[in-house]
Amino acid sequence: MAQIVDVQEYPATASRRRWLALVPVAVVLLVFAATLEPVQRTWRTVLGLAGLAPLAVTMSGNITGDDGAPIRHAFVRVGQEGQLAATYSDQAGRYQLAYSIRTRLPADVSVGAAGYEASLRELRVTSTDPQYDARLHKVVRIDAGATTHAVIASEDGLCYPVRTDVREPDRSWPCRLLHVLVGKTGVLSVSVVPDDPRDRFGVSFAVGSEPTLLFATPCCPSDDAARLPEGADALVQVVALDLDTSAAPSNRSRQGFTLHTALDPP
């Protein structure tokens with residue numbers, strides 16, 4: 001018996017043959033599209049944001065002082081298991097920095113300038129054009145025996161303690177780095193008193209160290225002392241323990257304190 005075929009409908013075998021004939025054409029088109037730079041760039045971005053490949057980014061931002069004025073020639077360095085890139089801010093305090101990064105890991109961004117405290121913070125990249133601004137404090141220098149007042153904000157540079165147990169969580173706190181100049185050999189004592197008794201601060205100091213200092217564990221007493229030689233420049237590190245970035249953010253983003261110092265005979 002002859003097969004009756006609707007004139008509006010092709011036989012199944014003919015339809016399959018047409019689709020099979022289109023497969024090579026589709027493959028060629030896909031291969032051609034993959035060679036186009038916009039397509040390749042899009043795929044590299046998708047893989048980079050997913051953490052499956054390095055992501056090319058161009059980071060920019062502003063470097064300012066306490067008064068909001070731009071800081072020129074401030075250095076900006078980005079590291080992730082080694083340095084990735086570095087540059088300097090321009091006359092307007094702006095900078096632009098291109099590098100490739102793996103987004104599954106945070107990057108360390110350090111910023112500093114002559115006459116200002118250095119700042120170190122972690123950055124997690126979630127776009128190809130991240131914005132990173134930094135505000136630097138002018139270096140504070142006092143003589144041993146003097147006192148000074150300062151403020152720590154949640155966006156200030158971070159200090160990290162030493163971990164003696166790998167089971168302990170990573171900890172970091174916003175901190176300030178103050179210089180105490182020792183005029184003669186003696187025992188330098190430092191203590192920190194919060195403006196608000198609800199706030200908690202820790203203090204430690206070292207001689208000849210570069211920021212960022214490392215605390216001993218457990219962290220951190222509110223006073224410290226050491227015998228220092230004449231002419232020593234003690235770098236005092238004060239951390240705001242209630243602004244711990246590994247915990248829930250505090251409602252008070254700025255905390256003031258007074259640093260007391262004393263120099264006793266050795």
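A contact, as the word is used here, means that heavy atoms lie within 4.5 Å. With that in hand, let's tour the structure above, a predicted model in which local features need pLDDT of at least 70, side-chain atom pairs count only at pLDDT 80 or more, and totals for chains, interfaces and linings use all residues. Residues are numbered from 1 along each chain as its sequence is written, and side-chain values use heavy atoms, with hydrogens and water left out.

**The chain as a whole**

The chain holds two helices and 17 strands. Helices (H or I, at least four residues) and strands (E, at least two) are DSSP runs, numbered from the N terminus. Of its 266 residues, 34% count as buried; buried means under 20% relative accessible area, exposed means over 50%, and partly exposed is in between (1.4 Å probe, protein chains only). Among contacts between residues at least 6 apart in sequence, 67% join residues at least 24 apart.

**How confident is the model?**

The predictor's confidence in each residue, from 0 to 100, is called pLDDT. The chain averages 79, and 68% of the residues score at least 70. Confidence is highest in strand 8 (residues 141-143), at 96, and lowest in helix 2 (residues 37-49), at a mean of 50. Over residues 1-10 the pLDDT stays under 50, and the model has one contact for them beyond four places in sequence. Residues 209-213 are also below 50, and this stretch has 13 contacts beyond near neighbours in sequence.

**A closer look at Gln80**

Gln80 sits in the loop between strand 2 (75-79) and strand 3 (83-88). Is Gln80 buried or exposed? It counts as buried, because its relative accessibility is 11%. Leaving out residues up to four places away in sequence, Gln80 touches Ile101, Arg102, Leu105, Pro106 and Ala107. Two of these neighbours also make polar contacts (N or O atoms within 3.5 Å; within protein, one must be able to donate a hydrogen and the other to accept it, and residues adjacent in sequence count only if both atoms are side-chain atoms). A polar atom of the Gln80 side chain lies 2.9 Å from the backbone oxygen of Arg102, and the side chain also reaches the backbone oxygen of Leu105 at 2.9 Å.

**Salt bridges**

Side chains of opposite charge can pair when their charged atoms come close. A salt bridge is a side-chain nitrogen of Lys or Arg within 4 Å of a carboxyl oxygen of Asp or Glu. The whole structure has five of them, including these:

| Pair | N to O distance |
|---|---|
| Arg135 and Glu155 | 3.6 Å |
| Arg135 and Asp156 | 3.3 Å |
| Arg200 and Asp242 | 3.3 Å |

Arg135 lies in strand 7 and Asp156 in the loop between strand 9 and strand 10, so this pair ties together parts that are 21 residues apart in sequence. Asp156 counts as buried, at 1% relative accessibility, whereas Glu155 is partly exposed at 43%. Arg135 is partly exposed too, at 23%.

The pair of Arg200 and Asp242 links loops 42 residues apart: Arg200 is between strand 12 (186-194) and strand 13 (201-207), and Asp242 is between strand 16 (233-240) and strand 17 (254-264). Arg200 is partly exposed at 48%, and Asp242 is partly exposed at 23%. Finally, salt bridges that share partners join Arg135, Glu155 and Asp156 into one network.
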